[in-house]
Amino acid sequence: MRGGAKRRPAPSVSAREKTILSIAPSALPISMRRIEKRFGSVPVLRDLNLDVEAGEFLTLLGPSGSGKTTLLMILAGFVRANGGSIKVGGDEIITTPPHRRNIGMVFQNYALFPHMNVFHNIAFPLKQRGVAAAETAQRVEKALELVKLQGLGERRVDQLSGGQRQRVALARAIVFEPRIVLMDEPLSALDKGLREHMQIELRALHRRLGMTTVYVTHDQREAITMSDRIAVMNGGRIEQLDRPETLYAAPKTQFVAGFIGESNFIPVESRNGSVWYQDRLIQTGAQTPPAGPHLMVVRPEKLRLVTATEPSTGTNVLDATVSDIIYQGDSFVCYASLSDGRQLTLRDYCRSDVLARLPAPGQPIMLGLDAKDTILVAAEG
Amino acid sequence: MSAQSLLLKEAAGPGQDLNAQALRADARRESLRLLALLAPSLFLVCAIIIVPIGWLFWLSLFDETGAFSAANYARFFEQASYIKTFITTFKVAFIVTGACVLLGYPLAYMLSQLPRRAASICLIFVILPFWTSVLVRTYAWLVILQRKGLINSWLIDLGVISQPLSLANNFSGVVIGMTHILLPFLVLPLYASMKTIDTDCLRAGMNLGAGPAATFRQIFFPLSLPGLASGVVIVFVLCLGFFVTPALMGGGKVVMWAMRMEQTTSLYSNWGAGAALGVVLLVVTLALLGLFQWLLGARATGVWSSR
């Protein structure tokens, strides 16, 4: 049986096994070109181009209304685009009906069939493909093992907990070895602890099976945790497509910087080949941007408290006043305001040396930001 | 040490909970209060359901002379006309229910798939006849269906038929009239249950490889069954006791159970026999409801088992 070996429920995957497992025969690349979608006259997706590599875990991340779910629905075939091309492994599928696309999907509310038990839910795609009863039973059993639900085949759907339903939906989406798996905010209905646990599990499952996965979420932390690459969507376009660490360290637009992680923006100006905040020279790790107004992205954890005696080479120092200090056990948050009233947030761990010189509200402080952590983005509207 | 263990034992002992007596009294008072709140509705149920039905049952046990006997029930087995009425009633009920399902299922399906605005406009057309008097609608059907009615004159004018079809004053007239009147009773619960079917379930079916027809058969239809069953039960039960339409559209040839009851009580003033008819209808209806309930229960707990 194809793929029999890769279904073994080994808790840890040996290096030799991994080389076999990671190149799943069903993983195919997706290539989307010039996708356009309008609802009436309202554009939802505009000239969207996206390539997903074979076996990649790619996340579409964006606020609601950014078009990420619509794009997923077009991929699955439930929504017809106004124009564009989708190629899976070179084959055009833009007009293929959903039931012939061979794409597995995990729905936001799982969409398990309430009139079937767990076994029949998972066997459903195999039944449609005319798989013999004996093989169906075997494959369903393996899928159940894979999602750690052994022996629950006879359970009714309404007897399962939220997390278990999630696993059944997952098993159903992968049991027929689809070439692509789509997931539409599959963890959003779970509570926080379970969600974080399932993120790790989904990630591990993807590593074992190696199917091309397109994942939709509005939770940036979830996207960063799970993805190989993230496409940040806004207003029907992809703002930036990059690896999570690149997205975080080098956002290209204000939107990306604001959506991924926490940021404060300080307006700066580029003139005469250098960057200035009011009358203070700002050192950056990258090249000086073209003349004009820009925004400096300041992440709370990149800021630190500096003293006047410290050498300031390679560090931008900003004078500020403490507005409030909030102690959070493992860390503290310091809200500070600059001379122009702009608020900055500083977050640091409560090491004893830091705690020893923690400022009080109203006290003037100096905030240090390393030049290599200083990011500039174009100012938007 | 011994004092301490004694104290522990006391605290853990039965009936030694703190304020146990006051709490028990409070629980008793609460159940009494709840019972007092329930009393008006319990009284109503007794007064308008249990007492009249008990009286009906009591009446059915006396013959015309006022003597206590089972003659009223024995008559069902002795007189062929009773058995014939019984069979006619069930035949009409089955055919009308079947016609309602055949017409109502596609209608409800269409309504459930329409956009919200269009669906509410179409629903008005389903509900509108509902608000019109049964008598008016039945006479309207007579006008349409009779020998020189609309349908026959059109068909003759068009040259489709030479002799008028007998559509009214017979069995088919009864079926047509009753189907029209009872159709909303099937469509409304069915539509409501179809609206609750999660579209993502249907999408999931297609995503997993089932074509539109297979998705309908394996997912939509089974999920619409509870609504269909409740519609069928309502229509069937209403059919069993239906009076106006069969009386007017049957032309005296189709005698249903309710018409028999009317004859027995107002024509022959035989209250005992009429009451017996009522009791039998009630028992049969309850038995059918029980059967449906049982079948539905089996359906709900049983798993998908095609193949």
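Let's start inside chain A. Here A:Val118, A:Asn121, A:Ile122, A:Phe124 and A:Pro125 of helix 3 of chain A are in contact with A:Val168, A:Ala171 and A:Arg172 of helix 5 of chain A. Sorted by class, this contact is made up of six nonpolar, one polar and one charged residues. Keep in mind as you look around that this is a predicted model.

How do the two helices lie against each other? Helix 3 of chain A packs against helix 5 (residues 162–174) of chain A at an angle of about 25°, and their axes are 7 Å apart. Angles under 35 degrees count as roughly parallel, so helix 3 of chain A is roughly parallel to helix 5 of chain A. Where helix 3 of chain A passes helix 5 of chain A, the crossing is right-handed.

## Where chain A touches chain B

Now let's turn to the partner chain. The contact between the chains draws 19 residues from chain A and 17 residues from chain B. On the chain A side, the elements that give two or more residues are strand 6 (103–106) and helix 3 (118–128).

Which element of chain A gives the most to this side? Helix 3 of chain A does, with four residues. By class, the side of chain A that touches chain B holds 11 nonpolar, six polar and two charged residues.

## The domains of chain A

Finally, let's step back to the whole chain. The domain assignment divides chain A into domain 1 (5–249) and domain 2 (262–378). The C-alpha centres of domain 1 of chain A and domain 2 of chain A are 40 Å apart.

Technical notes: Residues numbered from 1 in each chain as written. Chains lettered and ligands numbered in written order. Predicted model: local features only at pLDDT ≥ 70, side-chain atom pairs only at ≥ 80, totals over all residues. Contact = placed C-beta atoms within 7 Å. Nonpolar A, V, L, I, M, F, W, Y, C, P; charged D, E, K, R; others polar. Domains from an automatic or database assignment. Axes fitted to C-alpha atoms, helices over the stretch in contact; angles between N-to-C directions. Parallel < 35°, antiparallel > 145°, perpendicular 65-115°, else oblique. Left-handed = near helix turned anticlockwise from the far one by under 90°.
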